[in-house]
Amino acid sequence: MSQLKNKVAIVTGGSRGIGRSTAEVFAREGATAIICGRKQNTLEEVAAENKGLAGRIVPRACHVGKLEELERLVDSVTSEFGKIDIVVNNAATNIAQGPAIEMDDSQFDKMVEVNLKSAYRLTRLVAPGMVKRGSGSIINIASIAGLRPQFHGLLYSMTKAALIMMTQSYAVELGQSGVRVNAIAPGLIQTVLSEYYWKDQSRWEQMLSRQPIKHLGQPIEVAEVALLLASDASSYLTGQTIVVDGGRVLSSM
């Protein structure tokens, strides 16, 4: 397996869930996948558990909400590996679950910082190098909550909707330089971030009743789509938001 042979990728939020699975798939396909998160020891555990792949996973501690740490990450990766071919903006938080009128400024600022500004900043840092080389793939992990309003999820839906528009705007401007920018909008995936929805059996069964594919989404099912977007197999695809949700958004029809 070598769809990403000799490619260098950065995956934010790579210690667990969709980020971890994406890094593992990329390394399986020959890439050097740099995973970042706030805890170096957790990242190192992921790397240690994934030895023997065609590529490799490299742990790098980085708080994506801090510009100086993102700058340090990009500088160190570029210095060590010579380039950055792929970026997956996956890191996200959802600290603001509740009625819209009860949200406050601190929650708003935190959600924007992690879910939106981190992707904007990292893209801004890596895009010039990609443009110079004439190639690159940027993948933003959005959500179906960015396509349909999530009840009691104003700030999450808002940031994911903005991330989708950011994807399209970057795609329009960077495409002529050979850089593709796409998004993935997962539905309910079995991760720590979404356990509020799937750990409660009655809540999960209610959601499942409106979903054509009758199983709980797994991180690998998103990671394989990320592989498509990262590889040359999607060379004619940019500015798109690929929905990976078991058909759940169809329930509005």
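Biologist: Buried means under 20% relative accessible area, exposed over 50%, partly exposed in between (1.4 Å probe, protein chains only). So, buried or exposed: which is C36?

Modeller: C36 counts as buried, because its relative accessibility is 0%. Bear in mind that this is a predicted model, where local features need pLDDT of at least 70, side-chain atom pairs count only at pLDDT 80 or more, and totals for chains, interfaces and linings use all residues. Residues are numbered from 1 along each chain as its sequence is written, and side-chain values use heavy atoms, with hydrogens and water left out.

Biologist: Changing topic: where does N182 sit?

Modeller: In strand β6, which covers residues 179-186. N182 counts as buried, because its relative accessibility is 0%.

Biologist: Which other residues is N182 in contact with, beyond its neighbours in sequence?

Modeller: Leaving aside anything within four places in sequence, N182 is in contact (heavy atoms within 4.5 Å) with L229, L237, T238, G239 and Q240, and also with I138, I139, N140 and T167.

Biologist: Now the inside. How many cavities of 30 Å³ or more turn up?

Modeller: One, from a search of the whole structure. A cavity is a set of points on a 1 Å grid where a 1.4 Å probe fits but cannot get out, and lining residues have an atom within 4 Å of a point. The largest cavity has a volume of about 50 Å³.

Biologist: Which residues line the largest cavity?

Modeller: T12, N89, N90, A91, V114, N115, S118, A119, I141, K160 and L163. The elements giving two or more residues to that lining are α4 (105-133) and α5 (154-174).

Biologist: And where does the largest share come from?

Modeller: From α4, which gives four residues to the lining of the largest cavity. Helices here are DSSP runs of at least four residues, strands of at least two.

Key: 1 Å grid on protein atoms, 1.4 Å probe; cavity = no way out; pocket = protein on both sides within 12 Å on 5 of 7 lines; lining within 4 Å. Points joined across faces, edges and corners; volume = space filled by probe spheres on them.
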